[in-house]
Structure formats: structure tokens, C-alpha cells
Amino acid sequence: MIPEIGHFALWLALGVAIVLAAMPMWGAARGRADWMALARPAAALQFALVAFAFACLVAAFVGNDFSVMYVASNSNTSLPTQYRVAAVWGGHEGSMLLWLLMLTGWAFAVARFSRHLPAKVLARILSVMGLLAVGFLLFLLLTSNPFDRLANPPLDGRDLNPLLQDPGMVFHPPMLYMGYVGLSVAFSFAVAALIGGNLDATWARWTRPWTTVAWIFLTIGIAMGSGWAYYELGWGGWWFWDPVENASFMPWLVATALIHSLAVTEKRGSFKSWTVLLAILAFSLSLLGTFLVRSGVLSSVHAFATDPRRGLFILGFLVFVIGASLALYAWRAPTVGLGARFEWVSRETFLLANNVLLMAACGAVLLGTLYPLLLDALGMGKLSVGPPYFDTVFVPLLTPLVFLMGIGPLARWKQAELPQLMKRLRWAFGAALVAALVVNWMRGHLGFVSTLGLMMAFWIVAALATDLADRLQPNGIVNTSVLHRARQIPRSMVGMMVAHLGIAVFIFGVTMVKSGEIERDVKMDVGDTTEVLGYTFTFRGVQSLLGPNYRAAQGTIDVTRGGTKVVTLHPEKRVFPVAGATMTEAAIDTGFTRDLYVSLGEPLAGNAWIVRVYVKPFISWIWGGCLMMAFGGFLAATDRRYRSKVRATQGATEAKAAA
Amino acid sequence: MKPRHKRLAIAGGIVCAFGIAVALVLNAFQSNLVFFYSPTQVAEHEAPPNRSFRLGGLVEKGTVKRDGVNVSFIVTDTSKSVPVRYEGILPDLFKEGKGVVAQGQLRDGVFVAREVLAKHDENYMPPEAAEALKRAQQGKLATPMKMESGK
């Protein structure tokens with residue numbers, strides 16, 4: 001009974017979404033306040049209905065209702081309860097329902113937290129989000145209903161893909177979807193503003209916190225996916241330039257560009273049409289990512305669906321959304337105006353360069369991801385684009401980007417002096433170069449790329465320190481303490497600094513791992529030892545183990561350094577009989593300056609095994625840097641001026657103070 | 001400079017920067033395309049001698065031999081076969097009689113794989129492997145590409 005109620009709730013939600021998509025939009029055009037007033041309650045009701053349907057699906061999973069086809073294909077009675085809940089989004093139908101839940105949730109959040117917006121603007125925004133919900137509800141109900149029943153229910157389910165039975169998997173998809181779908185808010189704001197013709201600094205200020213929050217989720221989601229790949233796939237890599245990873249990375253690049261261009265639009269009123277275009281592109285790439293991942297055109301653990309109708313539906317929806325919004329853009333953007341002028345050397349120019357570089361990077365990823373698919377679709381043969389392509393492209397594109405990241409925050413809006421900037425930053429540049437050379441010399445690694453990498457990381461830190469020191473200088477008018485002056489720095493500025501510092505930490509981690517990691521596959525008999533970077537690994541043999549829904553061979557490996565014991569690691573090889581799959585469970589000792597990574601390869605004759613023994617210096621800094629970026633975004637999004645009622649004058653004065 | 005000239009110059013600068021970026025990207029792209037060949041094509045000497053490519057097909061039953069970390073096996077498309085050498089740990093889904101895709105270079109008639117890919121599930125054939133079998137069954141040689149693959 002419960003699945004039928006859930007199914008019915010989805011149909012009701014479709015009705016509500018259609019009302020939401022039509023009435024407030026029409027009301028805004030006709031100036032009917034009563035129709036516009038429908039927007040907020042409709043958004044709330046839509047969310048409630050979808051959340052209810054989602055809860056029904058969770059109940060079916062927890063209650064092991066194998067008469068529901070989706071549950072039978074993705075769960076099993078021996079699956080632990082927390083994974084039964086996570087299994088809700090372990091397959092195609094459920095993850096689309098999760099997508100929808102996020103979309104309606106974001107619409108509800110906009111309805112809830114944007115009361116101060118003018119009624120017309122809010123009505124249009126929620127209508128656009130309603131239209132998106134209509135599209136996805138139709139997709140779900142017509143092609144991928146999670147509540148479909150089986151005529152002959154099996155006694156037990158087929159179990160969740162073992163790769164997905166992991167705590168990281170419980171949180172990775174919801175986080176990523178929050179980010180993907182969160183970009184729909186920026187998209188809706190942009191489309192609503194294009195329709196209403198009110199693209200201005202106020203619009204940018206309304207959009208900014210929403211975009212930043214979506215970006216935070218996207219950042220954390222991508223970082224979690226990368227972390228999951230690192231410890232779950234069993235070969236110790238953290239990024240593969242897999243099409244699915246690229247699908248999430250492209251919206252991230254555009255969203256990052258959008259955050260920066262929104263800053264210009266808000267503070268200076270420039271780049272308006274460019275910002276709107278970025279908002280449209282960011283969400284379009286999210287949709288493209290969904291299409292790539294869900295249509296089955298890619299072959300990887302993420303592609304659950306092989307039903308061509310689904311791919312066609314998403315493709316059609318994608319064409320409709322992108323086509324309609326770009327047409328609207330082409331029609332309305334010329335009326336937007338160009339905004340304030342700025343000089344050659346100014347913060348605007350630096351941010352423009354940032355945008356160009358980020359878009360070039362995104363274009364490069366898009367090319368590498370779509371080209372093989374396109375050729376294949378046209379029947380022109382099969383080929384793939386290797387990771388070296390992305391590595392080759394990203395280093396020269398990101399080097400100037402990082403260089404500008406140091407200069408940009410110190411440059412003034414409108415007009416800055418190049419000689420003065422050079423004078424202020426020459427110490428930072430020198431210090432970064434010297435520090436990079438010294439560190440690499442001490443490690444005995446004087447390669448060009450690794451020195452460049454370290455220098456970029458140190459350059460960001462040094463430029464930030466210069467900026468901070470300048471801000472803490474007494475201004476000569478009122479004599480205040482350093483602490484007081486530190487408190488005067490706006491929170492969004494602190495957020496920017498933390499996020500940029502996160503990039504530095506990330507680059508440092510990547511450089512150290514790329515240049516210093518040792519990966520060794522060795523044959524080990526019981527009692528054999530191998531030494532990697534000063535750590536001695538001793539193989540103590542393998543024993544059998546029984547898990548809730550798997551059998552495992554568990555190895556024991558003692559790690560010592562200089563005779564003292566560091567840790568004992570227990571990597572596992574698991575066999576899941578129901579899913580019929582083998583899984584490598586790596587054992588990792590995570591440290592601040594290094595990870596020790598051990599996983600079991602294959603058994604050989606006797607008691608010997610092939611064992612992967614990796615030492616990865618500073619790898620946790622990669623994810624630490626991502627978390628810092630996200631935290632910086634959090635600080636920026638919760639800046640006081642977004643919470644106060646919108647007053648254009650106050651915003652303008654703060655803009656001057658921050659400049 | 002007049003504002004109009006300045007805008008023109010900025011636009012020009014962006015176009016230049018973008019042009020350089022595009023040239024860079026396309027160059028890297030060209031040299032990192034990995035083409036796919038089936039065992040039949042390798043037997044017909046169509047595969048480039050000094051360039052990395054992908055080989056797909058089935059792992060022939062009874063041909064997997066392990067010697068410590070070195071492993072050798074034969075990849076077949078049921079009509080022709082290619083011996084493969086690999087050093088390291090094979091993925092969990094590597095099995096005799098199942099589909100496989102390897103990336104590496106030909107050396108003296110042996111395919112030396114740097115990477116063996118099997119990121120697919122139990123019942124799923126990697127597209128490249130499926131393609132190789134299809135081509136062999138059709139019995140005709142589909143040339144992989146009319147593009148410059150010998151670079």
C-alpha cells in the first residue's frame with residue numbers, strides 16, 4: 001500500500017508543479033497579486049508531497065518490500081539498515097527522486113528565505129523552478145517510476161552494488177545533488193531577471209548567497225566522491241578524469257566563475273549579461289552531467305540506466321531548457337546595458353581574466369569528455385582521451401589563474417596602479433620562489449613542475465599575508481588595536497581569504513602527492529618485508545572473516561619505522577555472493593603529513609599474496625583544501641549584509657568600505 | 001585612449017588569450033588521443049608501432065599465467081589473438097573468458113599493457129571489448145578511423 005501512496009503523491013506533486021509553473025508567472029505578467037501569492041504555498045506543498053513520496057520509498061527499503069522492483073534490484077535482507085536507506089539512491093530511479101527532492105527543497109528554501117524580494121520577482125523565480133520540477137516529475141513518472149511493482153516478488157533482493165556499500169556513498173550523492181540542483185536557483189534568478197528586465201546590483205546581491213551555498217555543496221560533493229574513489233576503488237588514485245567526474249567538475253568550474261563575476265556585478269554593476277550567461281551555463285552543465293551519467297552513454301559504476309527512452313527524455317529536456325534560456329538571453333540581454341566603466345589595471349580586469357581562464361578550463365574538459373562520445377555516436381570509431389591530456393592542459397591554464405588569484409584581491413576596483421601592485425607584492429613573489437626552492441631542495445626533488453606547484457601554493461599564502469597585513473595597518477585617523485581592525489574586515493572578505501588559502505592547501509597536497517608518492521606492487525609471503533620511504537611493511541598472513549552479506553580474506557600487515565611500531569593495517573578482499581562481486585577494501589593509516597595505503601591484490605601459490613604498498617605524502621591536504629574552500633564559502637554566504645533587509649544605499653556604502 | 005578603443009582592446013586581448021588557450025588545448029588533445037584496435041586489426045598490422053593504444057576483447061580461457069607480479073594472458077576477438085604482458089595487480093573484475101580492455105604499446109608482437117581497465121560490473125561488457133567481438137563476427141575489417149592516427 002505504501003508504494004502506491006508514494007506514487008500517488010508524485011502525481012499530486014506534478015499537479016502542484018504545473019500550477020506553480022503557470023499561475024505566478026502569468027500573475028506577474030498581468031499584475032495579479034492573488035495569482036502571484038500562489039507561488040510560496042505551492043512551492044511548500046510541492047516539497048511536502050515529494051518529501052512524502054521519498055519517505056515512502058525509504059519505508060519500502062527499510063521494510064524489505066521486494067514486491068517493489070526497484071527495492072528488489074537494489075537491496076537485500078542481509079544488507080545493514082543504514083545501507084538500506086542509502087540504497088534508496090543507489091540506483092537510477094531513486095537517485096532521480098533524490099534529485100527531485102533537492103529541487104523542490106531548494107524551491108521551498110527560496111520561498112521561505114526570500115520574503116523580502118519584490119512579489120513579482122519571487123513569483124517569477126518560483127515559477128521557473130516549478131517548470132523544472134514539472135520536467136523532472138514527468139521524467140520520473142513516465143520513464144523511471146521507483147514504485148513499480150513486480151508481479152512475482154522474489155524472496156530476497158539482488159543486493160546493492162558492493163562498491164556503494166560504504167559510508168562515503170551515504171553522503172556523496174546527496175551532497176553532489178544539493179550542489180547540482182542548487183545551481184537551479186541561480187538559473188531561476190537569472191531567467192526571472194531576464195523576463196522581468198530587472199538585472200542590476202540588487203539582483204546580483206540576491207543571487208550571490210544562493211550561488212555560494214550551491215557551490216559549497218558541489219565542492220564538498222566532489223571532494224567526497226574523490227575521497228570515496230581513493231579508499232574504495234582500491235588503487236589509491238584520487239582523481240581519474242573519468243567522464244562522470246568531469247560531469248561534476250564542469251559545473252564547478254562555471255559556478256566558480258559565476259561567484260567571481262557576481263561579485264563584480266554586485267559591487268560595480270559591470271559584467272551583467274556575462275553573469276547571466278554564466279548562471280544559465282552552470283545549470284545547463286548540471287543537466288548535461290545528469291544526462292551523461294544517467295542515460296547510460298558512459299560506461300562506469302555510475303551509469304545505472306540503459307533504457308534509451310530515459311536518455312532521450314533528458315536530452316529533450318536539456319535541449320528545451322538550454323535552448324529556451326539562451327533564446328531568452330539573446331532576446332533580452334542587449335537591453336541590459338554595460339554597467340560601470342573600468343580601467344585596464346583594475347580588480348574588474350583581473351576577475352575578467354579569472355573568468356576567461358576558468359571557462360577555457362571548462363571548455364577543455366568538455367572537449368575531452370564529449371569528443372569520444374560524439375565520434376562513437378556518429379559511428380566514426382572508438383577512442384578515448386587519456387588523463388595526460390587533462391594534466392597537460394590544466395597546468396598552463398591554472399598557473400596564470402593562481403598568479404592572478406594573488407594579485408586580484410589587492411587591486412582596487414575601477415582603477416589600480418600596476419607599479420604600486422608590483423611593489424606591494426614583490427616580497428610575496430620572492431618569498432614564494434625561495435620557499436618553493438628550499439622545500440624542494442630539502443626533499444631532493446628539483447623538478448620544474450613540482451617547484452612550480454609549490455611556488456603557486458606559497459604565492460597564494462604570501463599574497464594573502466600581504467593583503468592581511470595591509471588591512472591590519474593603522475589607518476592613521478583613529479588609533480585602534482590590531483584586534484579591533486581585524487574585526488573590521490568584512491566576513492565575506494575573510495571567507496574569500498579562507499577559500500583561497502584552501503586552494504593553496506589543495507595545490508600543496510597535489511604537488512606533494514604527484515611528486516613524492518611511492519606506489520609498489522610486491523609479492524609477499526608470510527613474514528616478508530618491504531620498505532617504502534623509511535616505513536617497513538611486514539606481511540603477517542591472511543585469515544578468513546564473515547561479514548553481514550559478504551565473506552572476506554583479511555590480511556594483517558605491521559608497519560614500523562626505525563624499529564618502532566607505527567600501525568597494524570588490515571586490508572580485505574571481500575566476496576559478495578548475492579551481487580556476485582569481489583571488492584578490494586584498502587586499509588589506510590591517515591596522517592597529517594602522509595597516508596600509508598595497503599591493499600590486497602591476488603593470492604598466489606601457498607600463503608603468498610600480491611600486495612599494494614603505497615606511501616602518499618600530504619594526500620589528506622587535497623581534501624582538507626577542499627573543505628577549507630567550502631568553509632570559506634560558508635563564511636562568505638553568511639555575511640551580515642545578506643541577512644539584513646535589502647537596502648541599496650547600505651550596500652553601496654559597504655562596497656565603498658570594502659574597496 | 002577613448003573608451004571605445006579600450007573596449008575593443010580588451011575584447012581583442014580576450015580573443016588572443018582564448019586563441020592561445022585553444023591552440024594549447026588542441027595540441028595536447030591531438031597527442032593524447034588513445035585509439036582503439038581489435039586483435040584482428042593488430043594481427044593485420046594496423047595498430048601503430050610506437051604509440052599507446054587500447055586493445056579490447058576476451059581473455060582467452062586457460063592463458064592467464066602469473067609469475068610474482070608479472071602476468072601474461074591472451075586477448076582474443078574469437079578470430080585472432082594477441083599476447084599481453086602486464087606487471088602489477090589486475091582489477092577485481094578481471095576473469096578468464098570475460099571482456100577486458102588494456103592500454104599499452106606493442107613490442108615485438110607482444111602487447112605490453114600499462115593499464116588494465118575493468119571498471120564495469122559482472123554482467124557488463126566494456127564497450128571496446130564488445131566492439132571487437134562484433135567486428136570479428138562481421139568478418140570484415142572496419143578501419144577504426146579515417147583520421148591521422150599514425151602521429
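This briefing covers a predicted model of chain A and chain B. The model scores ipTM 0.78 and pTM 0.89. In the contact between the chains, 36 residues of chain A meet 32 residues of chain B. The domain assignment divides chain A into domain 1 (1-165), domain 2 (171-414), domain 3 (417-517 + 623-659) and domain 4 (518-618).

- On the chain A side, α13 (347-377), β1 (383-385), α14 (387-407), β2 (518-524), β8 (581-585), β10 (594-603) and β11 (609-617) each supply at least two residues.
- The largest share of that side comes from α14(A), with 6 residues.
- By class, the side of chain A that touches chain B holds 18 nonpolar, 12 polar and 6 charged residues.
- Strand pairing also crosses between the chains: β1(A) runs antiparallel to β1 of chain B (residues 33-37), with 3 bridges.
- Within that pairing, Leu383(A) has Phe35(B) as its bridge partner.

**Strand β11(A) and its neighbours**

- β11(A) is among the elements that supply at least two residues to the side touching chain B.
- This strand is mostly covered, with 9 of its 9 residues buried.
- Trp609(A), Val611(A), Val613(A), Val615(A) and Pro617(A) point one way from β11(A). Ile610(A), Arg612(A), Tyr614(A) and Lys616(A) point the other way.
- Both sets are buried, Arg612(A) and Lys616(A) included.
- β2(A) pairs with β11(A) in the antiparallel sense through 7 bridges. Here Arg520(A) stands opposite Val613(A).
- β10(A) is also antiparallel to β11(A), over 8 bridges. Leu596(A) stands opposite Val615(A) in this pairing.
- The hairpin of β10(A) and β11(A) has 5 residues between its strands. Gly606(A) takes a positive phi near 75 degrees there.

**Domains 1 and 2 of chain A**

- The C-alpha centres of domain 1 and domain 2 of chain A are 25 Å apart.
- Their contact takes 24 residues from domain 1 of chain A and 27 residues from domain 2 of chain A.
- On the domain 1 side, α6 (92-113) and α7 (119-143) of chain A are the elements that give two or more residues.
- α7(A) provides the largest share of that side, 10 residues.
- The domain 1 side divides into 15 nonpolar, 7 polar and 2 charged residues.

**Nonpolar core**

- The largest nonpolar core has 251 residues.
- Residues with the most contacts inside this core are Leu100(A), Ala107(A), Leu126(A), Ala186(A), Val254(A), Ala282(A) and Ile460(A).
- Ile460(A) touches Val402(A), Met405(A), Gly406(A), His500(A), Leu501(A), Ile503(A) and Ala504(A), leaving aside residues up to four places away in sequence.
- In soluble globular proteins, nonpolar side chains tend to be buried together.

- Lys414(A) is not a glycine, yet has a positive phi of about 65 degrees.
- Lys414(A) sits in the loop between α14 and α15 (418-443) of chain A.
- Lys414(A) counts as partly exposed because 16 other C-beta atoms lie within 10 Å.
- In chain B, Thr78(B) is likewise not a glycine and has a positive phi of about 75 degrees.
- Thr78(B) is placed in the loop between β4 (70-76) and β5 of chain B.
- Thr78(B) has 14 C-beta neighbours inside 10 Å, so this residue is partly exposed.

**Chain B: fold and confidence**

- Chain B has 3 helices and 7 strands. Along the sequence they follow the pattern α-β-α-β-β-β-β-β-β-α.
- Of its 151 residues, 34% count as buried.
- Among contacts in chain B between residues at least 6 apart in sequence, 58% join residues at least 24 apart.
- The mean pLDDT of chain B is 78, and 81% of its residues reach 70 or more.
- Among its elements, α3 (residues 127-138) has the lowest mean pLDDT, 70, and β5 (residues 81-87) the highest, 92.
- Over residues 140-151 of chain B, pLDDT stays under 50. The model has 17 contacts beyond four places in sequence for this stretch.
- Where pLDDT is low, the predicted coordinates should not be read in detail.

Key. Residues are numbered from 1 along each chain as its sequence is written. Chains are lettered from A and ligands numbered from 1 in the order in which they are written. This is a predicted model: local features need pLDDT of at least 70, side-chain atom pairs count only at pLDDT 80 or more; totals for chains, interfaces and linings use all residues. Two residues are in contact if their C-beta atoms, placed from the backbone, lie within 7 Å. Helices (H or I, at least four residues) and strands (E, at least two) are DSSP runs, numbered from the N terminus. Ala, Val, Leu, Ile, Met, Phe, Trp, Tyr, Cys and Pro count as nonpolar, Asp, Glu, Lys and Arg as charged, and the others, Gly among them, as polar. Two strands pair if DSSP finds at least two bridges between them. A residue is buried if 20 or more other C-beta atoms lie within 10 Å of its own, exposed if 12 or fewer, and partly exposed in between; C-beta atoms are placed from the backbone. pLDDT is the predictor's confidence in each residue, from 0 to 100. Domain bounds come from an automatic or database domain assignment. A nonpolar core is a set of buried Ala, Val, Leu, Ile, Met, Phe, Trp, Tyr and Cys residues joined through C-beta atoms within 7 Å.
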